[in-house]
Amino acid sequence: MVVTSCVDNLISNVPIPGRQEEVTRTVCLSAPDATDRAPSATPFQKQIVTWKGPIQALFGYSFNDVQDTEDWWLDRIHPEDRDSVVASLTRHLIAAPERPFAADSRIWGPDYRFKHADGTYILISDRTITTRDRYGNAIMFESVMFDKEARRNERAYHMKNLKSQDRLALVANNTPSGIFMMDPQVGSDFT
């Protein structure tokens, strides 16, 4: 039992990968307008865009480089992905008066390539929750963006560590002789 608690302690000290590298983009929307805005993903006259999180670590841009406009975001989506992302977001933001609180009218989650400050593109996942009024009009959405490939690699590494710790617990629990384990923070344990 002591070995298992030591292993549990080891597992609990392993950080969950990727969470520190998420950028949040919040977009507050005005009332819909009837004007077509050619490159725009949203059929709204005005958007107030706020960025939070480690933008420099993830995308390489300092906060001074980041503009609070939708166009700044759109200009950094890979040209081959931009049309499908814009079309998808436009469909998502259409008013949903018959189901304003249904999951499909509130959640949008594309993957696309986003331009890093060094000129390369990284594959990001953009997970968005849309807030709608009682009539189904989108009034705000918040996106959490992260590097999809880096997250996949971090999770694989994390799972490999957890599996090795599971094997240690299996050996320790099935060994008839005693095992001496030393933890520099706790001290020594005998089993």
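**Salt bridges and an exposed loop residue**

Student: How do the side chains of D111 and R127 meet?

Tutor: D111 and R127 form a salt bridge (3.0 Å, N to O), that is, a side-chain nitrogen of Lys or Arg within 4 Å of a carboxyl oxygen of Asp or Glu. The pair links distant parts of the chain, 16 residues apart, with D111 in strand β4 and R127 in strand β5. Strands (E, at least two residues) and helices (H or I, at least four) are DSSP runs, numbered from the N terminus.

Student: What kind of model is this?

Tutor: This is a predicted model, in which local features need pLDDT of at least 70 and side-chain atom pairs count only at pLDDT 80 or more, while totals for chains, interfaces and linings use all residues. Residues are numbered from 1 along each chain as its sequence is written, and side-chain values use heavy atoms, leaving out hydrogens and water.

Student: How many salt bridges does a search of the whole structure find?

Tutor: The search finds five. One of them joins D126 and R25 (3.6 Å, N to O). D126 lies in strand β5 and R25 in strand β1 (residues 23-29), so this pair ties together parts that are 101 residues apart in sequence.

Student: Are D126 and R25 buried or exposed?

Tutor: Both D126 and R25 are buried; buried means under 20% relative accessible area, exposed over 50%, and partly exposed in between (1.4 Å probe, protein chains only).

Student: Where is D118?

Tutor: D118 sits in the loop between β4 (111-115) and β5 (121-132). At 53% relative accessibility, D118 counts as exposed.
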